[in-house]
Each structure stands twice: as C-alpha cells, then as structure tokens.
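Please keep the model open while reading.

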Amino acid sequence: MSSPRPYARELGDFLRARRGRLRPRDVGLEPGGRRKVTGLRREELALLAGLSTDYYQRMEQGREVRPSDDVLDALAGALSLDEEERRHLFALAHAARRPMPVRVNREPERVPNSTRRLLRVMDTPAVVLGRHLDLLAWNPMAEALLGAPDAYPPDRLNMLLMMFDDTLTGERSCAEWERQALDYIGMMRAAVATDPTHPRATAIVGELSIRSAEFRRLWARHDVRESVSGTKTFRAPGVGDIVLDWDTYPLPGSPGPFMLVFTAETGSTDADRLQLLASLHATIEHVPASGARARSGEHW
C-alpha cells in the first residue's frame, strides 16, 4: 500500500525543478532588479498559470491539494512542459489527489521464458531491464559487446549503480556518458512516479545520493523519460570502434520490464565489426578477463 503523501512531495519537487529551469525572458517577463532565484519566482509562475501564489506554493510544498485537470493544464502551459513532462505531471497529481492509499504491485520482476528464447535467437546485442533499471537478462551478443555482467554481485546488477561505480570515474568526463546517465535517471524518475516508496528505488536513489555528487546534480534536474533511444560508440578490443543505435521496447506488464536493443545498419562497417566481435567471443571460453572488461566501462 502507498500513501498519497509521497506523490504530493514528488509533484512539488517536480514543479520546483521545472520552475527553476525557466528564466523571466523565456516567458516574456522582465527580470527586474536583483533576484534571489535563478528561475521564475513562485508568484511569477502562479500569475502565468492564473493561480493564487498561496495555492501554488502549497502545491510545491507537497501539502494536501487536489489540483483539477484545468489547473494542471494551466501549469503545463506556464512551465512550457513537453508531452512527456506533461504526462508525468498529470500522473503525479492524479496519484496525489486520491483520497485512499493505492495498491501497487511489488512482486519480483520476472523475464518470461519466451522473452529469454527471443534474446537467445537475436543476432544483435539486447538486454532486459526492470522498472528500476535492474539487469534481468542478456544475450550472448550483449556479453560479447559489454563483457560479462555477472562479474558484479547480484544486487549490484543495476544500470545506475554500474554507471556511477566509483571505479569508472574516468569515463564520466565525456558528454556521451552524461547523456546516457540522464536517460537512465529520467527512466528511474518515471518509475518513481508510479511508486515513490518502492524499496528498490529508495535504496538505489538513497545510496547514489549519499556517495555521488554527480548523481545528486543530475537527479535534481527532475528530467523524466518514458522510453529512450540514442547512438553510442563502443570501443571493442581487437575490433575497433563500433557505433550502434539503441532503443527501448516495453514488455508486457504495467509497469514492467523492457528490452534495450543495440543495432547497426545492415551492411555497414559497424555491422561487420559487431559480427566479428561476436565470432571472437564465440571462440573463447568465459574467463575472468571478460569480467574485468565489464568493469572497465565498456559499458554496462
């Protein structure tokens, strides 16, 4: 069971972060004299949304308010939210205004046997991630590309925990790393919106918030991603750089696991290098060096 209160706090934090993202000139206001805040003031945002400052302030503070859909529409417009952010706002607000606790599904996430069979026959790297980015399953092609993930303890097989592993700090200076970190963090934000007090989410976010200033900075942005895609360059020993597109595909369940798939254009140099990597991987036994490569940032 889950109380509406955590949803109200999450809603308030999201509104505050989005308000801080806007500048007066972004919405046609003059900045005026010295300002104590970098973004819009509460009263400015309330004015743009047609709300009283007191009412809006209570929303940001996570106090008991039940905004109507008209109010949410006005806030979404005033904050210049995109469609994904707008859906996130409505999901949080609808959960916060429920008068009774909501029953949430906290059963262990399982990968269906049919999905595991699909992974095995796919000729491109693919993994299955849980709602909180736990690594639930992977295929041989993914292991060839990324190394053996089982080199990590079972409770550390999580994309965020591995991305912010203290042994990989040298990989964090590139823009590509931060983009991917923001994608994963945005997906965790979307998961938290469905169940803010889930023990797994609380444990992961709590640990990273304590030990990683980088995570705290990125988490505080309150970016949200329902699904992600992108392009990533992998450095494969003995093969060279491989540039792959990656996309996410939801599996049955609400919320439920999803599949992350890496692909290369058919007939491209990247596709040839990916197949060469798979052939090399198939000819050797899994030895400790594979695990070492997984920890070197190649990149789980």
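Which residue in β5 does valine 128 stand opposite? Valine 128 stands opposite methionine 259.

## Basis of the model

The model is predicted, so local features need pLDDT of at least 70 and side-chain atom pairs count only at pLDDT 80 or more, while totals for chains, interfaces and linings use all residues. Residues are numbered from 1 along each chain as its sequence is written, and side-chain values use heavy atoms, with hydrogens and water left out.

## The sheet

Five strands form an open sheet in the order β2-β1-β5-β4-β3, with antiparallel pairing. Strands here are DSSP runs of E with at least two residues, and helices are runs of H or I with at least four, numbered from the N terminus; two strands pair if DSSP finds at least two bridges between them. The edge strands, β2 (135–138) and β3 (229–236), each pair on one side only. From one strand to the next, the twist averages 30°.

Strand β4 (residues 240–250) runs antiparallel to strand β5 (residues 258–263), and 6 bridges join them. Aspartate 245 stands opposite threonine 263 in β5. Helix α12 (residues 269–282) lies across β3 and β4, at about 90° to β4.

β1 pairs with β5 in the antiparallel sense over 4 bridges. β1 also runs antiparallel to β2, joined by 3 bridges, and valine 127 has tryptophan 138 in β2 as its bridge partner. The hairpin of β1 and β2 has 5 residues between the strands, and leucine 133 in this hairpin takes a positive phi near 70°.

## Helices α2 and α4

The axes of helix α2 (residues 42–49) and helix α4 (residues 69–78) come within 8 Å and cross at roughly 120°. Axes are lines fitted to C-alpha atoms, for helices over the stretch in contact, and angles run from 0 to 180 degrees between N-to-C directions. That angle makes α2 oblique to α4, because angles under 35 degrees count as roughly parallel, over 145 as roughly antiparallel, 65 to 115 as roughly perpendicular and the rest as oblique.

Leu45, Leu48 and Ala49 of α2 make the contact with Ala74, Leu75 and Ala78 of α4, where contact means heavy atoms within 4.5 Å.
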